[in-house]
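Visitor: I have a model open and want to go through how its copies are arranged. Can we take it step by step?

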Amino acid sequence: MNTETIVSALNAVRQQKPLVVNITNYVVMNNTANALLALGASPIMAHSREEMAEMMSFAGALVVNIGTLDSSWTPRMAYAVEQANRHGKPVVLDPVGCGASTLRTQTSRQIAQAAAQLIIRGNASEIIALAGEAGQSKGVDALDSSEAAVGTARHLAEVHGCNVVISGATDVVVTAEGEVRLRNGHAMMPSVTGMGCTLSALTGAFAAVGETTGLAAAAVLGVAGEIAAEQSAGPGSLQLNLLDALYQLDETTLRQRLKLA
Amino acid sequence: MNTETIVSALNAVRQQKPLVVNITNYVVMNNTANALLALGASPIMAHSREEMAEMMSFAGALVVNIGTLDSSWTPRMAYAVEQANRHGKPVVLDPVGCGASTLRTQTSRQIAQAAAQLIIRGNASEIIALAGEAGQSKGVDALDSSEAAVGTARHLAEVHGCNVVISGATDVVVTAEGEVRLRNGHAMMPSVTGMGCTLSALTGAFAAVGETTGLAAAAVLGVAGEIAAEQSAGPGSLQLNLLDALYQLDETTLRQRLKLA
Amino acid sequence: MNTETIVSALNAVRQQKPLVVNITNYVVMNNTANALLALGASPIMAHSREEMAEMMSFAGALVVNIGTLDSSWTPRMAYAVEQANRHGKPVVLDPVGCGASTLRTQTSRQIAQAAAQLIIRGNASEIIALAGEAGQSKGVDALDSSEAAVGTARHLAEVHGCNVVISGATDVVVTAEGEVRLRNGHAMMPSVTGMGCTLSALTGAFAAVGETTGLAAAAVLGVAGEIAAEQSAGPGSLQLNLLDALYQLDETTLRQRLKLA
């Protein structure tokens with residue numbers, strides 16, 4: 001997990017144009033599809049049970065996002081994860097609003113339990129809620145909100161054999177090998193809806209080319225986001241400039257801007 | 001209902017960042033979430049029955065918008081209103097396309113009937129269709145389309161004990177205390193889809209901090225919209241510049257631009 | 001099918017502001033509604049069975065797009081087509097992802113079979129998948145991907161008595177009278193999600209005013225797209241500039257830029 005891994009993962013996405021199947025929320029479908037296209041990947045937004053087995057046979061990864069959860073969608077998410085497992089494809093879980101309702105907490109846990117090759121991407125409070133009491137870390141002296149969830153993320157990583165991306169002012173990537181911190185991004189980014197969902201979608205694109213830690217996605221989105229924010233008068237411009245910045249991002253800029261720790 | 005009410009309501013939203021639960025249409029979910037964020041509020045787009053009681057217990061307001069109505073959503077809207085009533089939270093009804101189909105007219109009326117603390121936000125024809133024959137005002141010498149619905153809105157306000165915002169070239173806010181007219185906004189705004197839906201969402205944010213007339217939302221959106229339109233070559237730019245203008249709007253500009261009557 | 005047909009069709013849309021009913025996918029609902037508004041048409045996104053008969057009685061055209069297909073929507077699409085037929089309204093079919101799953105291929109064929117006044121708009125691979133083995137053209141020396149589907153499109157046009165628009169670097173419009181090729185557009189356009197869906201929506205607007213070949217929509221979108229792309233640093237800007245360009249497009253620019261063959 002270093003600069004070279006990130007750069008070569010970006011090149012791989014652009015060359016291979018992996019197909020990423022997204023079962024995601026209504027709010028961000030357009031944005032995340034556009035972010036995947038701007039990165040160089042191929043998005044499909046699909047949620048029908050009838051086509052999920054076929055889709056997962058040729059897709060590179062599955063992204064499951066519970067942002068606008070519906071009881072009619074939950075079994076389809078479970079079935080899609082089953083098909084991803086069957087075809088050996090990585091699954092990115094975005095537990096949007098986990099902890100805000102029992103439905104979201106339980107559904108997130110079921111998906112995390114079911115996925116064989118799992119990457120979890122959430123903010124600190126979602127990660128903490130996902131783990132529940134068993135995963136509560138004690139006595140952590142949190143430097144910022146992401147730090148408060150690192151112990152919990154480590155617990156999740158061990159229980160599920162997964163990688164975890166805690167996004168926030170500092171993004172923390174937790175894997176079996178350790179932790180990497182990333183200090184890219186911009187304070188205006190949370191004023192655009194679904195920025196975390198975009199990170200989860202990009203995580204799927206990178207997972208499809210073998211970069212399953214989530215770091216490359218966080219790095220590319222953080223760098224593109226800060227370039228975009230520098231040119232933006234507000235969140236409307238930022239949403240648009242982010243797509244342009246993802247589309248234009250080159251190796252040199254990526255290397256220069258990366259703030260790994 | 002004057003300039004000071006509007007200014008202090010804007011400050012209250014930015015300080016309290018109220019959570020606004022939206023059961024809204026697919027077309028505008030992204031835009032309205034972004035408009036709420038740009039204003040300083042916290043949007044949740046949720047429609048599951050299983051989580052609505054929890055959501056309404058900590059939300060500040062509920063916005064129900066029937067733009068892409070579906071029979072599977074109608075009972076959930078009714079249940080959400082029931083929960084809003086139970087927790088004493090205001091409900092904003094956006095009766096999109098009321099009058100264009102029997103389904104929309106009937107559903108709008110059921111929601112208006114059910115909500116205890118109701119604000120209705122619609123254009124003149126939707127307001128007139130919502131009231132039906134009983135609310136038809138006679139002999140009105142309409143100056144513009146909003147004026148044509150003022151008598152009807154007054155009828156609705158009395159029947160439901162609610163406030164009504166008629167949006168148009170002139171916005172008219174009808175409450176038990178009387179009427180206020182607002183002449184902000186720009187002729188290009190109706191060329192962006194869901195501009196009325198955005199107004200309804202912002203109305204929810206203001207209602208959550210106690211400004212339940214709808215006037216502050218109409219004022220803020222009207223002023224931000226005209227600032228944005230002055231910088232826009234067309235409706236694509238306008239949609240984006242509107243979010244930037246909402247985000248940047250300051251007290252001085254708001255006071256200077258307001259056209260209350 | 002020539003420049004004058006296109007120009008007069010654009011004028012007709014702007015004067016008549018036809019109502020276009022769209023049963024479309026979640027990803028593009030906002031964009032396609034905005035593109036229809038920017039063109040001068042009136043969009044309704046509706047999918048309830050309960051209101052479809054009323055809607056089709058006063059609408060100018062129906063657009064059915066299977067981008068995020070769901071088994072609960074398929075019967076509603078069929079019912080909407082039935083109502084369009086009953087009221088003598090044209091139907092535009094966008095067979096998104098036809099060939100990528102059995103569900104999409106079968107659903108596309110059912111809709112194509114059912115519509116009385118049909119226009120099909122897809123890319124080459126969707127058109128070829130829609131026709132299936134029976135429509136496979138042999139020995140075609142394809143100049144580009146659209147050319148590879150021309151024989152198949154001709155077969156579909158004969159079987160269904162419909163017009164077919166094959167979109168790509170070159171758009172090919174296939175009708176009973178022959179073929180027209182259009183070389184407008186820009187290489188960045190496929191990096192915006194749902195550009196084909198936008199073309200299908202605009203095709204509905206033109207069909208509603210009697211231009212049922214699909215050519216005017218392809219021409220207007222191609223010209224607006226290339227104007228927008230010339231001003232865009234990436235796909236984010238392009239999506240926005242396209243709406244502005246559609247809104248501003250005048251006869252002179254349209255005539256000057258058209259590349260018909």
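Visitor: What rotation superposes chain A on chain C, and with how much shift along its axis?

Guide: A rotation of 120° does it, with 0.0 Å of shift along the axis and an RMSD of 0.0 Å. The superposition is by least squares on the C-alpha atoms of residues with pLDDT of at least 70 in both copies. This is a predicted model: local features need pLDDT of at least 70, side-chain atom pairs count only at pLDDT 80 or more, and totals for chains, interfaces and linings use all residues. Residues are numbered from 1 along each chain as its sequence is written, chains are lettered from A and ligands numbered from 1 in the order in which they are written, and side-chain values use heavy atoms, with hydrogens and water left out.

Visitor: Which residue of chain A comes closest to that rotation axis?

Guide: A:Tyr26, with its C-alpha at 3.7 Å.

Visitor: And what takes chain B onto chain A?

Guide: A turn of 120° with a shift of 0.0 Å along the axis, giving an RMSD of 0.0 Å. That is the relation of a three-fold axis. In chain B the C-alpha nearest the axis belongs to B:Tyr26, 3.7 Å away.

Visitor: Do the copies meet through the same or different surfaces?

Guide: Different ones, because only 9% of the interface residues of chain B are also interface residues in chain A.

Visitor: Take chains A and C. How many residues does each give to the contact?

Guide: Chain A gives 23 residues and chain C gives 26, where contact means heavy atoms within 4.5 Å. The buried area between them is about 2000 Å², and carbon and sulfur atoms give 53% of that. Buried area here is the accessible area (1.4 Å probe) that two parts lose on being put together, summed over both.

Visitor: How many salt bridges between chain A and chain C?

Guide: There are 2, each a side-chain nitrogen of Lys or Arg within 4 Å of a carboxyl oxygen of Asp or Glu. One of them pairs C:Arg104 with A:Glu51, whose closest N and O atoms are 2.6 Å apart.

Visitor: Which elements of chain A give two or more residues to the side that touches chain C?

Guide: They are α2 (29–39), α3 (49–58) and α11 (235–248) of chain A. Helices are DSSP runs (H or I, at least four residues), as strands are (E, at least two), numbered from the N terminus. The largest share, 6 residues, comes from α2(A). By class, that side of chain A has 13 nonpolar, 5 polar and 5 charged residues. Ala, Val, Leu, Ile, Met, Phe, Trp, Tyr, Cys and Pro count as nonpolar, Asp, Glu, Lys and Arg as charged, and the others, Gly among them, as polar.

Visitor: Now chains B and A. What is the buried area there?

Guide: About 2000 Å², with 53% from carbon and sulfur atoms. In this interface 23 residues of chain B contact 26 residues of chain A. Salt bridges between chain B and chain A number 2. A:Asp70 and B:Arg76 also meet in a salt bridge, at 2.9 Å from N to O.

Visitor: Change of topic. Which residues does UniProt list for "binding site"?

Guide: The unreviewed UniProt entry lists A:Arg121 and A:Ser167. They span 47 residues in sequence, yet no two of their C-alpha atoms are more than 7.2 Å apart, so they gather at one spot. UniProt positions follow the numbering used here, feature names are shortened, and annotations may be inferred rather than shown by experiment.

Visitor: Where is A:Arg121 found?

Guide: In strand β5 of chain A, residues 118–123.
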